[in-house]
Each structure stands twice: as C-alpha cells, then as structure tokens.
Amino acid sequence: PLHPSMPAAPVPLRAPSRDAPLNAGVRTPPLPMPVWQPVPSGRTDVSVSPVSPIATPAAAAKQSPTLTVLIRDFEMTANLPSDWVSDLSCCASLAEHILMVVSELAQGLRILVSLEPSGPSVPVPRTGREDPAWHQVYGNYQELLAEALQLSNADSVRGFFQQSSCAIPGKITWRLGEVQGFLRLCFTAFGLPAPNCHPAVWYQLIREVTDDAAGTI
C-alpha cells in the first residue's frame with residue numbers, strides 16, 4: 001500500500017488510433033449545470049386578460065397599415081365566410097398566405113405597388129404589365145379633378161352606377177369587374193384618364209370604402 005503522503009503514480013495514456021476521435025483518452029471535466037435565476041421586473045401594473053385586443057386579425061390590422069394590406073390580399077384570393085376571423089383554420093391559412101407573400105417578395109416573384117404617393121404598398125405578382133407609378137399620371141390633372149369634385153354630378157354618377165350594376169341590382173362587385181367599370185365611366189366623363197392599375201391595387205382601393213371581403217358596393 002502507498003503511504004498517504006506519497007503522490008499516486010501517473011497513469012500512462014495510450015496513443016489514440018487513427019480511427020479514434022482526437023479527444024480519446026483525454027479526460028474532460030463535466031460541464032457545470034446552468035443555474036436559472038428569475039430576473040426581477042419591478043412592474044406591478046401587468047395584468048393578463050382572457051382575450052387580448054390583438055388576438056384577432058381585425059384588431060391587429062388597425063395597428064398596422066401593412067398588416068391591413070396583407071389581410072385584404074388574403075381576403076381577395078380566398079373564398080371566405082363573413083365570420084372567417086373566428087375560424088382558427090382560416091386564421092392559420094392567413095398566416096400561411098402572409099409567409100408565402102413575404103417569400104415571393106424575397107424571391108422577386110412579387111413587387112410592391114403603392115396605392116397612393118407616400119402611402120402603403122401592395123405586393124402584386126410580377127407579370128411585366130404592372131405599373132408601380134400608376135397614380136403619377138394624375139399629377140397633371142389636379143385642377144381638373146378639383147373642378148370635377150365641386151360639380152353637382154349626383155345624377156350622372158347614379159346613372160353610371162345603374163349602368164354598371166348587372167349581376168345584383170343596386171350593387172356592383174369587384175370580382176365581376178363592375179366596380180372597375182363604374183369608376184372608368186366616372187373618370188372618363190370628367191375628362192380624366194381611367195386608372196390603369198393592377199387588379200390587386202383595384203381591390204385594395206375598393207376596400208377603403210367597403211368592409212365586404214368580396215369588394216361589393
């Protein structure tokens with residue numbers, strides 16, 4: 001037996017073989033376990049409500065113009081029930097649609113077309129026919145547009161509306177092109193060029209005056 005004061009003889013390490021890992025034969029101490037400590041917040045006014053105001057797409061859209069455009073873009077492409085925001089499967093489809101749009105923007109399959117100068121933009125599919133600056137043509141018609149808005153033209157506008165309403169009496173729909181036809185008649189009658197914009201831009205503009213997902217006025 002060894003004397004307690006005598007150090008133990010070192011144990012020779014064998015040279016690792018070619019197939020052995022580089023740290024073979026080397027004793028490494030175990031890593032210490034992490035110690036998780038709570039971080040004091042100092043806030044005492046935090047409350048948790050059963051339903052957060054941002055839990056629904058409509059509530060979230062009010063806080064973000066970009067999200068509003070994306071939600072409307074989803075409503076444009078999907079045949080949704082009127083109460084789709086309460087359907088979790090529809091909300092999941094909305095999330096998938098937003099991810100798809102962002103991915104296609106990154107790949108160059110879509111481009112951003114603004115709804116108005118310095119306004120929000122719409123991600124439209126790249127086809128070569130879209131015009132990102134479609135609204136700039138009206139910069140030369142500001143005086144004529146102001147005069148047209150001051151005219152008493154209710155009878156003319158009402159006639160254009162009735163002329164464009166075909167499928168449902170008293171209503172015009174974006175999907176059938178009735179809203180676009182109605183606005184083209186109005187612009188032409190007032191001496192203005194008809195809007196030459198992408199259908200997705202048409203839809204976003206129409207949704208500014210109606211909450212109907214089908215774009216019906």
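Reader: In strand β1 (residues 110–114), how many of the residues are buried?

Author: This is a predicted model, and in it strand β1 spans residues 110–114 and is mostly covered. Counting as buried the residues under 20% relative accessible area, the number found in β1 is 4 of its 5 residues.

Reader: Which residue in the turn between β1 and β2 has a positive phi?

Author: The strands β1 and β2 form a hairpin, with 6 residues between them. Within that turn a positive phi of about 60° belongs to S118.

Reader: Why do the buried residues of α3 line one face of the helix?

Author: The buried residues in α3 are C90, L94, H97, I98, V101 and E104. An α-helix has 3.6 residues a turn, so residues three or four places apart point the same way. The face turned away from the buried side of α3 carries the exposed residues L88, E96, L99, A106 and Q107. Seen down the axis of α3, the buried residues line one face because they fall within an arc of 135°.

Reader: Which residue follows α3, and what is its phi?

Author: The residue that follows α3 has a positive phi. That residue is G108, with a phi near 85°.

Reader: What kind of aromatic pair do F74 and W84 form?

Author: A search of the whole structure finds 4 aromatic pairs. The rings of F74 and W84 have their centres 5.4 Å apart, and their planes stand at 65°, so the pair is edge-to-face.

Reader: Which parts does the pair of F74 and W84 tie together, and how many residues apart are they?

Author: Both F74 and W84 are buried. F74 lies in helix α2 (residues 65–77) and W84 in the loop between α2 and α3 (88–107), so the pair ties together parts whose separation in sequence is 10 residues.

Reader: Where in the chain do W174 and Y203 lie, and how many residues apart are they?

Author: W174 and Y203 form an aromatic pair that is edge-to-face, 4.9 Å centre to centre and with 65° between the planes. W174 is buried, with a relative accessible area of 11%, and Y203 counts as buried at 0%. The pair links distant parts of the chain, W174 in the loop between α5 and α6 and Y203 in helix α7, and the separation is 29 residues.

Reader: Is H198 buried or exposed, and what is its relative accessible area?

Author: H198 has its place in the loop between α6 and α7, and its side chain reaches the backbone nitrogen of A200 at 2.9 Å. Not counting residues up to four places away in sequence, H198 touches V124, P125 and E130. H198 is buried, with a relative accessible area of 18%.

Notes: Residues numbered from 1 in each chain as written. Predicted model: local features only at pLDDT ≥ 70, side-chain atom pairs only at ≥ 80, totals over all residues. Heavy atoms only, no water. Phe/Tyr/Trp six-rings, centres within 6.5 Å; stacked < 30°, edge-to-face > 60°. Helix = DSSP H or I, 4+ residues; strand = E, 2+ residues; numbered from the N terminus. Buried < 20%, exposed > 50% of the residue type's maximum accessible area, 1.4 Å probe, protein only. Arc of directions from axis to C-beta. Pairing = 2+ DSSP bridges. Polar contact = N/O pair within 3.5 Å; in protein donor to acceptor, adjacent residues only side chain to side chain. Contact = heavy atoms within 4.5 Å.
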